[in-house]
Amino acid sequence: MAGKVYLTGAGPGDVELLTLKAARIIKDADVIIYDRLANPEILEMAKDGCRFVYVGKEDGRHTLPQDQINEVIYNEALQNDVVCRLKGGDPFVFGRGGEEGAYLHEKGVEFEVIPGITSAISVPAYAGIPVTHRGVAVSFRVVTGHETPNKEASQIPWQNFKTDDTIVFLMGLHNLGRIASKLIEIGKPADFPVAVISKGTTPQQQVVVGTLENIAKKAKGLPTPALIVVGKVVKLQDQLQWFNPNKSE
Ligand code: SAH
């Protein structure tokens with residue numbers, strides 16, 4: 001009989017943003033299969049003898065192809081009772097957890113999903129940016145920034161981004177300039193507010209605030225993981241900034 005696989009959200013970085021359920025499974029796991037995590041300290045919670053398998057996902061790009069990762073998870077499930085498949089943030093928000101669950105379903109392996117606190121909401125929150133705010137933004141979108149904006153067959157509905165809803169781009173740092181230009185091209189003002197947040201919720205958090213016009217220049221060289229927030233909510237940072245790990249004074 002195969003064991004059970006837990007598709008587990010590790011949260012955005014701050015260890016305390018782990019759910020109680022995720023912490024329990026990490027402590028119980030016989031093996032933990034993980035990607036690059038914003039906080040590797042989480043692995044220190046594992047029991048003695050727990051094995052760690054790194055399947056190296058960087059910035060949304062798997063160094064190991066997804067079908068091989070599926071195989072790794074399946075093979076570990078054949079040999080262990082408790083398999084923790086640990087993913088940054090939430091496993092179903094650009095985490096490919098759905099594909100892994102579907103593969104396990106096909107193979108008849110039992111699995112459970114443990115949602116995590118996604119970086120899409122929590123990282124802006126740690127930068128003092130609420131993704132919605134009465135009178136400022138009535139909705140927010142979470143969009144992949146991995147796709148090159150001018151790609152012919154873009155799957156991203158750029159024309160829908162004309163509204164004032166908040167847009168959070170994940171995996172987009174390397175496309176920041178192209179994303180900003182594209183948003184200006186569809187009609188957003190060049191001085192529309194943008195924030196880029198690097199290593200959010202950790203002591204290394206850095207926040208750069210600018211406009212569509214200047215953000216690429218201002219955020220140059222920021223380390224990953226980083227996400228982009230586009231919207232008037234960015235301005236609320238002036239009043240809501242509460243987490244300043246790098247403040248020297
Ligand atoms: N499943 C994850 C997202 C996976 S895609 C989640 O729910 O959070 C990976 C992208 O998430 C990164 O490219 C980056 O855009 C974002 N990200 C994850 N952790 C982050 C952090 N601590 N700070 C800033 N961005 C982060």
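A polar contact is a pair of N or O atoms within 3.5 Å; within protein, one of the two must be able to donate a hydrogen and the other to accept it. By that criterion, 3 residue pairs, with both residues at pLDDT 80 or more, are in polar contact between domain 1 and domain 2. The model is predicted.

**Domains**

- The domain assignment divides the protein chain into domain 1 (4-114) and domain 2 (119-240).
- Domain 1 gives 12 residues to the contact, and domain 2 gives 16 residues.
- Taken over C-alpha atoms, the centres of domain 1 and domain 2 are 28 Å apart.

**Between domain 1 and domain 2**

- About 1,100 Å² of area is buried between domain 1 and domain 2, and carbon and sulfur atoms give 63% of that area.
- On the side of domain 1 that touches domain 2 there are 5 nonpolar, 3 polar and 4 charged residues.
- The number of salt bridges between domain 1 and domain 2 is 0.

**Residue K87**

- K87 is in strand β6, which covers residues 82-87.
- The relative accessible area of K87 is 1%, so K87 counts as buried, the cut-off being under 20%.
- Leaving out residues up to four places away in sequence, K87 touches T8, G9, A10, G11, D35, L37, G95, R96, G97 and E100.
- With E100, K87 makes a polar contact from side chain to side chain, at 3.2 Å.
- With G95, a polar atom of the K87 side chain lies 2.4 Å from the backbone oxygen.

Note on methods. Residues are numbered from 1 along each chain as its sequence is written. This is a predicted model: local features need pLDDT of at least 70, side-chain atom pairs count only at pLDDT 80 or more; totals for chains, interfaces and linings use all residues. Side-chain values use heavy atoms; hydrogens and water are left out. Helices (H or I, at least four residues) and strands (E, at least two) are DSSP runs, numbered from the N terminus. Buried means under 20% relative accessible area, exposed over 50%, partly exposed in between (1.4 Å probe, protein chains only). Contact means heavy atoms within 4.5 Å. Domain bounds come from an automatic or database domain assignment. Buried area is the accessible area (1.4 Å probe) that two parts lose on being put together, summed over both. A salt bridge is a side-chain nitrogen of Lys or Arg within 4 Å of a carboxyl oxygen of Asp or Glu. Ala, Val, Leu, Ile, Met, Phe, Trp, Tyr, Cys and Pro count as nonpolar, Asp, Glu, Lys and Arg as charged, and the others, Gly among them, as polar.
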